[in-house]
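The model is a predicted one.

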Amino acid sequence: MELGIGYFGDARLERSGEFLARRVAERQAVCLRKLADDRSQQVKFRRFLSNEAVTVEEMVAHRAMLAAVAAGGRHVLAIQDTSEINYQAQSGRKHGLGQVGNGTDVGLFLHPVLAVDAQTQECLGLVDAQVWRRTKSKAKDYQRLPIEQKESYRWVKGGEEAKAVLAEAAMVTVIDDREGDIYEKWARLPDERTHLLTRAGRDRSLADGGRLFAGLAGLPEAHRFTLELTARPGKRGARTAQIAVRFGRIRICRPRNCSDRDAPGEIELFGIEVRELDPPAGDAICWRLLTTHPVESVEQALTVIGWYRLRWHIEQLFRTLKRQGLRIEQSVVEDGEALEKLVVIALIAAVITMQLVLARSAGGPDQPVSRVFDASQVDVMHALQKKLQGRTVKQQNPHPPDTLSWAGWTIARLGGWTGYDSDKSAGPITMRDGLERFYGIVDGYNLAKNVCRS
């Protein structure tokens, strides 16, 4: 498995980085003691993470090259979001970190951009990732600063990187949640092949003198549909929601705190309101979506809503990276700069897990298994098919051999999935468990092969 971790001007560094990244993917862990077979390897991994020649930017750029190749000719959804990596539980052992969202805990921030095919829903890889530590409090004149000097610039920068990396894509749609509703982004990013889709985070002034939220609510209802909501323990129970859809053309006004003097006074967009009818108290669905895509029919509105719902994949990516997956917040690495690099390596491994999860449900041509696994690992997968497949047609691997979807089915079975379509448990955590088990089988296979040869 070639993870393409980057070239740092030193072949030995490159080999060490590739080795470390491969171990994270294979052992589904970030603890250096678990990743290393002996103390010598532990030292090698620590030296790699502490080496100044190793940079987050180089590692991310190398992964972005792979996503760029996969994106050629496609309509790509560039989904971005921010997550904090909290190390407060180990604050006494850490140094060189900053404060996270609550202003007291220590940690760092991660802002990835994930590429997903708009039509097939394949995960094409990592487009960009920004990592930073918040070491300063907000300046008194923060609102007047140029957007480039604010943390919120990450939303603009993520979109700009997506445009550059995905230059060979047929179309790019940058998707983000309410924090990404930034006027400078609306003014700068869109062009003939780059669109934006954002959940509105501000009740903006409209050119007709009204306000955004009231304006969307006042549009005529155009459609209704049902939405099956899964249970979220501690937050909501499962239910079938009745949804009303409204849409129309709007013009938002430049806010007074916009720092870009070149931004136009008004920007024309399309707005969609997705509102639940008769919701339970305190748990209503209400999405107010803004987009540069034309939305002039129910079909177009439902297509855009479907794209926005795929934003869930980046939430799953964070879940895979953190407590229920690689447990990046439990790493005992002490230095803040080294932790930034380890977070990116773990992010790369988590993206690979998401590629396997989404490959199984993709609706387009299968990606080759070689994007994730090497030839010897594929041999092991072939050997496992008889054991993992059941007697009935429903329990057979339905995907073409040597494709990523075929591999995803195999890994999910190893993770505890039953193989039945009715079993919806083949998500990223099941895939993570399957990968850990699979690489253990591969180690045993290689050991037995080497022993027989000697």
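## The second largest pocket

The lining of the second largest pocket is made up of 10 nonpolar residues, two polar ones and eight charged ones. The lining has 20 residues in total, and those that lie nearest the centre of the pocket are Val56, Glu57, Ala129, Gln130 and Val131. The volume of this pocket comes to about 340 Å³.

Several elements contribute to the lining, with helix 4 (56–71), strand 5 (123–132), helix 5 (153–165) and helix 10 each supplying at least two residues. Of the elements involved, strand 5 gives the most to the lining of this pocket, namely six residues.

When residues up to four places away in sequence are left out of the count, Leu20 touches Leu32, Leu35, Phe45, Phe48, Leu49 and Ile345.

## The aromatic cluster

Across the whole structure, a search finds seven aromatic pairs. One of them joins Phe373 and Phe438 in an edge-to-face arrangement, with 5.7 Å from centre to centre and 80° between the planes. Because Phe373 lies in the loop between helix 10 and helix 11 (375–388), whereas Phe438 belongs to helix 13 (residues 428–453), this pair ties together parts that are 65 residues apart in sequence. Phe373 counts as buried at 2% relative accessibility, and Phe438 is likewise buried, with a relative accessible area of 0%.

Phe373 also forms an aromatic pair with Tyr439, and this pair is tilted, with 6.4 Å from centre to centre and 35° between the planes. Since Tyr439 is in helix 13 and Phe373 is in the loop between helix 10 and helix 11, the pair ties together parts that are 66 residues apart in sequence. Tyr439, at 5% relative accessibility, counts as buried. Through these ring pairs, Phe373, Phe438 and Tyr439 are linked into a cluster.

Conventions: Residues are numbered from 1 along each chain as its sequence is written. This is a predicted model: local features need pLDDT of at least 70, side-chain atom pairs count only at pLDDT 80 or more; totals for chains, interfaces and linings use all residues. Side-chain values use heavy atoms; hydrogens and water are left out. Contact means heavy atoms within 4.5 Å. On a 1 Å grid over the protein atoms alone, a cavity is a set of points where a 1.4 Å probe fits but cannot get out, and a pocket is an open set with protein on both sides within 12 Å along at least five of seven lines; lining residues have an atom within 4 Å of a point. Grid points are joined across faces, edges and corners, and a volume is the space filled by probe spheres set on the points. Helices (H or I, at least four residues) and strands (E, at least two) are DSSP runs, numbered from the N terminus. Ala, Val, Leu, Ile, Met, Phe, Trp, Tyr, Cys and Pro count as nonpolar, Asp, Glu, Lys and Arg as charged, and the others, Gly among them, as polar. Rings of Phe, Tyr and Trp (its six-membered ring) pair if their centres lie within 6.5 Å; planes under 30 degrees apart count as stacked, over 60 as edge-to-face and the rest as tilted. Buried means under 20% relative accessible area, exposed over 50%, partly exposed in between (1.4 Å probe, protein chains only).
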